[in-house]
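Notebook open, model loaded. I want to look at the packing first, then the strands.

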Amino acid sequence: MTPTHPATGPSADGLDARLVVDRGGFRLDVALTVAPGEVVALLGPNGAGKTTALRALAGLTPLSGGHLRLDGTELDGTELDRTPPEARPVGVVFQDYLLFPHLTALDNVAFGPRCQGASKAEARARAAEWLDRLGLAAHSGAKPRRLSGGQAQRVALARALATRPRLLLLDEPLAALDARTRLEVRARLRRHLAEFEAVAVLVTHDPLDAMVLADRLVVVEHGRVVQEGTPADIARHPRTDYIARLVGLNLYRGEADGHTVRLADGPPLTTTEVLSGPVFVAFPPSAVTLHRERPSGSSARNLWRCEVAGLETHGDQIRADLTGELPLAADLTTVAAAELGLHAGAEVWATVKAAQTHAYPV
């Protein structure tokens with residue numbers, strides 16, 4: 001998806017926020033600027049502050065400091081200026097959807113417009129239009145217990161959109177779905193978000209959901225933004241161990257001198273890039289080749305003696321967790337793992353060609 005207006009800084013349109021929330025020993029301090037037509041994903045581990053940020057955007061958790069402006073209107077900042085949640089032009093799709101069990105799909109969607117003062121006929125007409133747009137016209141009379149997980153998710157989305165929000169918040173919108181349904185619904189949701197003309201903020205811990213649905217990622221750890229950028233940039237240039245694991249890379253930080261990067265606590269790495277100063281070095285587990293004996297005549301410039309700490313299935317491959325001279329992850333086929341006789345405690349030699357590494361400035 002391409003944002004309708006690139007988010008280059010605060011403007012009268014879209015979201016301009018600095019969310020500061022103090023809760024006991026935890027402090028959230030996250031700045032967000034999102035343009036109309038843009039989808040931003042807040043991504044981070046459990047406890048990072050994603051849900052707190054979403055609740056602050058929705059008005060369910062007051063700010064301790066900072067500000068929250070939507071289309072130039074101040075919604076939160078001081079106790080006197082604070083707009084109550086029900087008066088905000090905000091739609092929310094909750095993780096468990098929270099559909100009213102006693103209402104049909106049509107009446108669930110019509111609930112929001114009715115609360116905004118629309119007549120029953122007008123609210124139902126708007127609800128019917130949204131159900132039709134989301135491919136649910138045939139299920140308008142069904143109650144939530146009769147809907148599949150994917151259908152319930154789309155009803156929840158229709159209910160949020162029927163209020164004509166200027167800010168759409170999605171809290172782990174695919175988490176309640178099984179793997180097969182998730183694939184289909186993710187594709188549908190991407191199409192619907194691409195058509196949404198206001199601001200959309202997605203909260204998730206799933207990297208695939210974030211990469212597929214969002215134009216831009218904002219990664220939060222310990223209540224702070226640690227990296228933001230396009231999915232491609234985040235995947236290629238991770239800046240924390242969490243992000244590296246998320247996108248499936250081995251990541252190290254060291255001091256570069258030409259093709260050599262010296263780690264603070266580990267062996268030197270040889271890279272193709274010629275750099276100087278503090279850098280990150282990353283390479284995928286698939287770039288690692290394992291040997292039971294020290295390879296002779298290998299063209300790999302990087303060679304380390306390691307020990308297998310553990311093995312686990314990773315997709316259609318085996319991922320080996322290695323310790324020793326350089327802790328790293330290596331992916332190999334089940335056939336290769338069997339031929340090498342890998343097991344916890346096995347000693348191996350790991351090699352990575354310099355051409356398969358990627359170094360970039362800190």
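This is a predicted model: local features need pLDDT of at least 70, side-chain atom pairs count only at pLDDT 80 or more; totals for chains, interfaces and linings use all residues.

**Cores**

I started with the largest nonpolar core: 47 residues, of which Val109, Leu131, Val155, Leu157, Leu168, Leu170 and Leu193 touch the most other members. A nonpolar core here is a set of buried Ala, Val, Leu, Ile, Met, Phe, Trp, Tyr and Cys residues joined through side-chain atoms within 4.5 Å; buried is under 20% relative accessible area (1.4 Å probe, protein chains only). H4 gives the most to this core, 7 residues. I also found a second, separate core of 29 residues, with Ala48, Ala53, Leu63 and Val201 among them.

Residues are numbered from 1 along each chain as its sequence is written, and side-chain values use heavy atoms, with hydrogens and water left out.

**Val155**

What is Val155 in contact with, leaving aside neighbours within four places in sequence? I got Leu99, Ala105, Asn108, Val109, Leu131, Leu136 and Leu147, contact being heavy atoms within 4.5 Å.

**Strands**

S14 runs antiparallel to S15 (residues 317–324), with 8 bridges, and Leu311 stands opposite Ala320. Pairing takes at least two DSSP bridges. The two form a hairpin with 2 residues between them, and Gly315 in the turn has a positive phi of about 70°. S14 also joins S17 (residues 347–352) antiparallel through 6 bridges, where Glu307 stands opposite Glu347.

How values were computed
Buried means under 20% relative accessible area, exposed over 50%, partly exposed in between (1.4 Å probe, protein chains only). Helices (H or I, at least four residues) and strands (E, at least two) are DSSP runs, numbered from the N terminus.
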